[in-house]
Amino acid sequence: MDIRPTHATLGAIVTHIDVRSLTADAFAKLEAAWHEHAVLIFPAQHLDDEAHIAFSRRFGSLERLQTTAVEGAQPEIFMASNVGPDGRTDPVGSARFLHNKGNRIWHSDSSFKSNPAKASLLRAEAVPSTGGETEFADMRAAYEALDEEQQRWLADKVAVHSFRYSQGQVGGLDLMSATELDAIPPVEHPIVATHPATGRKNLFIGRHASHIAGAELEEGRARLRSLCAEACRGDRVYRHRWRVGDVVIWDNRCVLHRGLPYPVDQPRIMCRTTVAGDQSGNDWVLGSTRDNANKQKGTR
Ligand code: OGA
Ligand code: MN
């Protein structure tokens, strides 16, 4: 296995590897590299759903989605796709078009859940001829770049993360039922997090962070916006230009990501699994008791 850093602070390209058949030793080496680089790129793996799910499970239990509207052939697979069953690309302004639009703003997947996601693994099935790259920003480097006074001010601050707020901003709520939205009420997360594996501190912000608990609403919002803009400055960002067959894993606990725009009439099909966080409150973990209960009621 060859691990080549792509960027000064995050990202590494991993080649001479088949992620379908990793020994325990090889996986341990890979996991250590992931903790160091936070984003790993595996070119030309060409995984199917089963192999994608099996590789993802090595990092932990998988999340179920907040809505079945974006579910792939398997409940573990989230489809970030702009192609309908008729093979046509989504009309501009349609419910799914707006839903996908949210991905263009810096975020951490599932930060709106009480147990936010650990990792996401995204693979490319169809890519546009131009645009559609995914960018990753290092929130460890962003935290370390703050001056001491800012670090001190942020130390005890808590952000309120809300999917209703963030998706509402792009008009992307129509894909979800009222029941699905009610299942994800606002949650609070500290703005400064300590990574459980590395002990490094990082910012935990992004588009789902609506405001700061205990601060005046608009003031908190403005503060979060400027913090995010500064954190995602160019020198902390790695941009991945996709080729069909690539797989990328990123650490949602310390990395923000966003998709870049692309021509609306070109298909872009991306499949994602999401590794659940380690915190308690595992309602969103596939196979959890609550999930099974919901399945039996037919409301999954
Ligand atoms: C995602 C996501 C961005 C992209 O799948 O979680 O934000 O470039 N994707 O598709
Ligand atoms: Mn995302």
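Author: By class, the shell around ligand 1 holds three nonpolar, five polar and three charged residues, where Ala, Val, Leu, Ile, Met, Phe, Trp, Tyr, Cys and Pro count as nonpolar, Asp, Glu, Lys and Arg as charged, and the others, Gly among them, as polar. This is a predicted model, in which local features need pLDDT of at least 70 and side-chain atom pairs count only at pLDDT 80 or more, while totals for chains, interfaces and linings use all residues. Residues are numbered from 1 along each chain as its sequence is written, chains are lettered from A and ligands numbered from 1 in the order in which they are written, and side-chain values use heavy atoms, with hydrogens and water left out.

The residues around ligand 1 (those with a heavy atom within 4 Å of it) are Phe 78, Asn 103, His 107, Asp 109, Leu 122, Thr 134, Trp 250, His 257, Gly 259, Arg 268 and Arg 272. Among them, His 107 has a polar side-chain atom 3.1 Å from an oxygen atom of ligand 1, Asp 109 likewise places a polar side-chain atom 3.1 Å from a ligand oxygen, and an N or O atom in the side chain of Asn 103 is 3.3 Å from an oxygen atom of ligand 1; a polar contact here is a pair of N or O atoms within 3.5 Å. Of the 290 Å² of accessible area that ligand 1 has on its own, the protein covers 99%, with areas taken from the Shrake-Rupley method and a 1.4 Å probe.

Methods
A polar contact is a pair of N or O atoms within 3.5 Å; within protein, one must be able to donate a hydrogen and the other to accept it, and residues adjacent in sequence count only if both atoms are side-chain atoms.
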